[in-house]
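I opened a new notebook page for this structure.

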Amino acid sequence: MPLHVTDVTHRLVSSSAGRIHLVEQGSGPLVLLVHGFPESWYSWRRQLPVLAAAGYRAVALDVRGYGRSSKPADTGTYRMLDLVEDNAEVVHALGEESAVIIGHDWGATIAANSALLRPEVFRAVGLLSVPYTPRGGPRPSEVFAQMGGDEEFYVSYFQQPGRAEAEIEPDVRGWLAGFYAALSGDTMPGPGAPDPHFVSRGGMLRDRFPAGRLPAWLDDGDLDVYAEEFERTGLTAALNRYRNMDRDWEDLAVFDGAPVTQPSVFIGGRLDASTTWLADAINAYPATLPGLVSSHLLDDCGHFIQQERPVEVNQILTEWLAALPA
């Protein structure tokens, strides 16, 4: 592991998944950091020391199915309700009653739902890259199936058991390098190039990845950390998050259209498809995030925002945290 990840404490805590691995730095009010796909606690390596220096107990976890956390065999155990409970159990296992929760990518959706379902535990929520969109509309799989015309949307591709694994696992390191490059601001395909979020019929997702370049935020050592974890664990447990979206839609029906009312902050990349496709969700924040303190779109920035632009992200987060009610 790269030597610059220092002064952190690794620990395992019990949860309904079995165990959750987390990495901790600092003392003070608890800030729980939740990663996305295909990442790990290591995605927060540039936030942990800054939050600790600002007076917080910063804790980055491996989401159920990732890294050293448990990987239940049943696909249905990766539903949103289970991941929310994991987060609440981590807070209590650390001897705390409440926490601020911050998430990136899938972690942003998990964080928003944690705040929605367990407001007594999660007193504020930070969302990176993926805007909050309340539960509603048609069944997700039906929506995704209609996207792309003759091409297939990546979520539909990921939802078919074994299919993405067959593409990724023969060359985990190469696939991850291409995926990260495809969604990063400095290496993503230019305007007019085939969209890497879609798969040609009979093709693979990696067919549209940039070749031969790593984004500036990712060096060979960082890529090794991610690749070694996924080579050890495989990809099925991580991909099971995508395979539960219809279950989530059913489980969360009682929360249809519900706002997240706690103090919140949103940070997105202006070049990220998550913010361009979901621009209407950002515009709806006065209704869906009535506690929103501030919303930010960073110029020339792609999807992996806290790694691409750590200085700006850290400044926004520490200023937001400092202004929260005690």
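**Entry 1: the largest pocket.** I started with open space. The largest pocket holds about 1,200 Å³ of space. I note that I am working on a predicted model. I asked which residues lie nearest the centre of this pocket. They are Trp106, Thr133, Phe144, Met245 and Leu278, out of 46 lining residues.

Next I looked up the helices around it. I found that α3, α4 (140-145), α5 (154-159), α7 (172-183), α10 (245-251) and α11 (273-277) each supply at least two residues of the lining. Which helix gives the most to the lining of the largest pocket? It is α3, with 6 residues.

**Entry 2: the cavities.** I count 3 cavities of 30 Å³ or more. The largest cavity contains about 90 Å³ of space. It is lined by 14 residues, and the closest to its centre are Val63, Tyr66, Ile110, Ala238 and Arg241. Helix α3 turns up again here: α3 and α9 (236-239) each supply at least two residues of this cavity's lining.

**Entry 3: the sheet.** I traced the strands next. An open sheet is formed by 8 strands, with mixed pairing. I wrote down their order as β1-β2-β4-β3-β5-β6-β9-β10. Why is one side of β1 and of β10 left without a neighbour in the sheet? Strands β1 (9-15) and β10 (292-298) stand at the edges, so each has a single partner strand. From one strand to the next, the twist averages 20°.

Strands β5 (residues 99-104) and β6 (residues 122-128) pair in the parallel sense, over 6 bridges. Ile101 has Val125 in β6 as its bridge partner.

**Entry 4: helices on the sheet.** Helix α3 (residues 106-117) packs on the sheet and touches β3 (30-34), β5 and β6. The direction of α3 makes about 160° with that of β6. Helix α15 (residues 310-323) packs on the sheet too, touching β3, β5, β6, β9 (264-269) and β10. I noted about 170° between the directions of α15 and β9.

**Entry 5: the core.** Last, I checked the largest nonpolar core, which has 101 residues. Which of them touch the most other members? They are Phe37 and Phe158. I listed contacts of Phe37, leaving out residues up to four places away in sequence. Among them are Trp106, Phe158, Trp175, Phe179, Leu235 and Phe304. Tyr66 and Ala238 also touch Phe37, and both are among the residues closest to the centre of the largest cavity.

Methods: Residues are numbered from 1 along each chain as its sequence is written. This is a predicted model: local features need pLDDT of at least 70, side-chain atom pairs count only at pLDDT 80 or more; totals for chains, interfaces and linings use all residues. Side-chain values use heavy atoms; hydrogens and water are left out. Two strands pair if DSSP finds at least two bridges between them. Helices (H or I, at least four residues) and strands (E, at least two) are DSSP runs, numbered from the N terminus. Axes are lines fitted to C-alpha atoms, for helices over the stretch in contact, and angles run from 0 to 180 degrees between N-to-C directions. Contact means heavy atoms within 4.5 Å. A nonpolar core is a set of buried Ala, Val, Leu, Ile, Met, Phe, Trp, Tyr and Cys residues joined through side-chain atoms within 4.5 Å. Buried means under 20% relative accessible area, exposed over 50%, partly exposed in between (1.4 Å probe, protein chains only). On a 1 Å grid over the protein atoms alone, a cavity is a set of points where a 1.4 Å probe fits but cannot get out, and a pocket is an open set with protein on both sides within 12 Å along at least five of seven lines; lining residues have an atom within 4 Å of a point. Grid points are joined across faces, edges and corners, and a volume is the space filled by probe spheres set on the points.
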